[in-house]
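Subject: The structure to look through

Dear colleague,

Please find the structure below, and have it open on your screen while you read the notes that come after it.

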Amino acid sequence: MEKESDGDSTVKSNNSMPVAPSSSSSSSRKLKREIEQNNDELSWDMLDIIAKKLDIDNLFQFGAVSKSWRIFHKIYWKDFMASQAPLLVQTSFAMNSYSLYNIREQKIVLNYCYLERFRYAGYSNGNITMVDVTNNKLLLINPFTRRIKEISTLAIKGKFPFIGSNFLFASVKDSKEFIIMGIGNHYQSLHVYHSRNSSWVTYSSQDNSWMVVNCLVFRNIVYVITNKARIGVLNLNSSSLKFLRLKNTPKVNNFHIKLVNHDGELLMVDFESQQQVDVYKIDFSTRAYVKLETVGELAIFYGWTSCYALRKPVVWGYKNNFMYHLGGLHVGCEVYFEGKLFKSILATGLPPYAFISGISWVDWCFRHQHDEVDYSIVE
């Protein structure tokens, strides 16, 4: 079963002022021409002025005014989201709440939301996943558009424990469909939900020879990685998982490995808290792991369920060649440089309930991220 609603009473945000995208972008110029061709009652410049003055809640309603306002809003919103600093997801100790926090400005961007029966289980592609620990279902919540999807997990044997399970979301190319990838049951299997037929497909090891610890979408294909750094490719049209034969695969047994998709490259981050951080590039031309001595202009953002890379992060107050790690058990961020712990950033300015309820920082939130899978690609 899948249910979609507006969810206005569940997802709320505060009145933070958005930063307008540059009107000189190519998409903005295209939008300006289209609005002028429609002879809208308000000019491009006037719509731009209005949008700059709106908070996030009111900006949701901006596109409902007229057709041309809706066209303006569609591109404005995309540029606006891409122009925003990374946020982080914070939850309570019981993980039955979430809010979004700007670590550089030390303020909450989207207010505290509490769901009694549900537990936080991941953030990806603009969606927060919450697990109902008693009724075999997921809530897929987009806190920015306030849309909620309810997904049944009855078809999966056993229940997803909220500790040790995480979910990632991706849309399907050229359609309104989507998939959800869920890692659970002590990482022995990967469960993939297909909205096109409301079904779950399970990928698992028959002989317990591998454990999936992370997955992502790269070049419209789902890749997974095991605790021993074996990388596999999912066939979304069946229940098969093909492992790649890669040279120089690191000899590890680590449940903290993450895959990273950045600028057409697939990276792997091998992390052990306060011990060592190693970053590798997967070279598809030579079919080999290549260890990177430095990540150069990149900053790595490591969270509980996923990992991101950002080029030239100085604009947001972050530094090149650093890794920003969220431990998930406290309100703090560990900063690593050249593979070693450099310092810790602690929270300030949080409301009193944050400490009473045991708020923790668990995941990074990149608001403009949008991954698409393609069923027609089979490797």
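What follows is a description of some strands, sheets, cores and single residues.

Please keep in mind that this is a predicted model, in which local features need pLDDT of at least 70 and side-chain atom pairs count only at pLDDT 80 or more, while totals for chains, interfaces and linings use all residues. Residues are numbered from 1 along each chain as its sequence is written, and side-chain values use heavy atoms, with hydrogens and water left out.

I begin with strand 7, residues 137-142; helices (H or I, at least four residues) and strands (E, at least two) are DSSP runs, numbered from the N terminus. Of its 6 residues, 6 are buried, so strand 7 is largely enclosed by the rest of the structure, where buried means under 20% relative accessible area, exposed means over 50%, and partly exposed lies in between (1.4 Å probe, protein chains only). In a regular strand the side chains alternate between the two faces of the sheet. In strand 7 both faces are covered, with Lys137, Leu139 and Ile141 buried on one side and Leu138, Leu140 and Asn142 buried on the other.

Strand 7 is joined by 5 bridges to strand 6 (residues 127-132), and the two run antiparallel; strands count as paired if DSSP finds at least two bridges between them. Asp132 stands opposite Lys137 in this pair, and the two strands form a hairpin with 4 residues between them, where Asn136 in the turn has a positive phi of about 50 degrees. Strand 7 also pairs with strand 8 (residues 147-152), in the antiparallel sense over 6 bridges, with Asn142 opposite Arg147. Strand 7 and strand 8 form a hairpin as well, with 4 residues between them, and Arg146 in the turn has a positive phi of about 65 degrees.

Next comes an open sheet of 4 strands, in the order 4-3-2-26, with antiparallel pairing. Strand 4 (107-114) and strand 26 (360-365) stand at the edges with a single partner strand each, so one side of each is left without a neighbour in the sheet. The twist averages 20 degrees from one strand to the next, where axes are lines fitted to C-alpha atoms, for helices over the stretch in contact, and angles run from 0 to 180 degrees between N-to-C directions. Within this sheet, strand 3 (residues 97-102) pairs with strand 4 over 5 bridges, and Ser97 stands opposite Tyr114.

Which residues have the most contacts inside the largest nonpolar core? They are Met130, Phe301, Tyr324 and Trp364, in a core of 52 residues; a nonpolar core is a set of buried Ala, Val, Leu, Ile, Met, Phe, Trp, Tyr and Cys residues joined through side-chain atoms within 4.5 Å. Helix 4 (residues 67-82) gives the most to this core, with 6 residues. Apart from it lies another core, of 21 residues, among them Val222, Leu236, Phe243 and Tyr375.

Finally, please look at Asn197, which lies in the loop between strand 11 (189-194) and strand 12 (199-204). Asn197 is partly exposed, with a relative accessible area of 46%. Although Asn197 and Glu177 are 20 residues apart in sequence, they are 9.5 Å apart in space, C-alpha to C-alpha.

With best wishes
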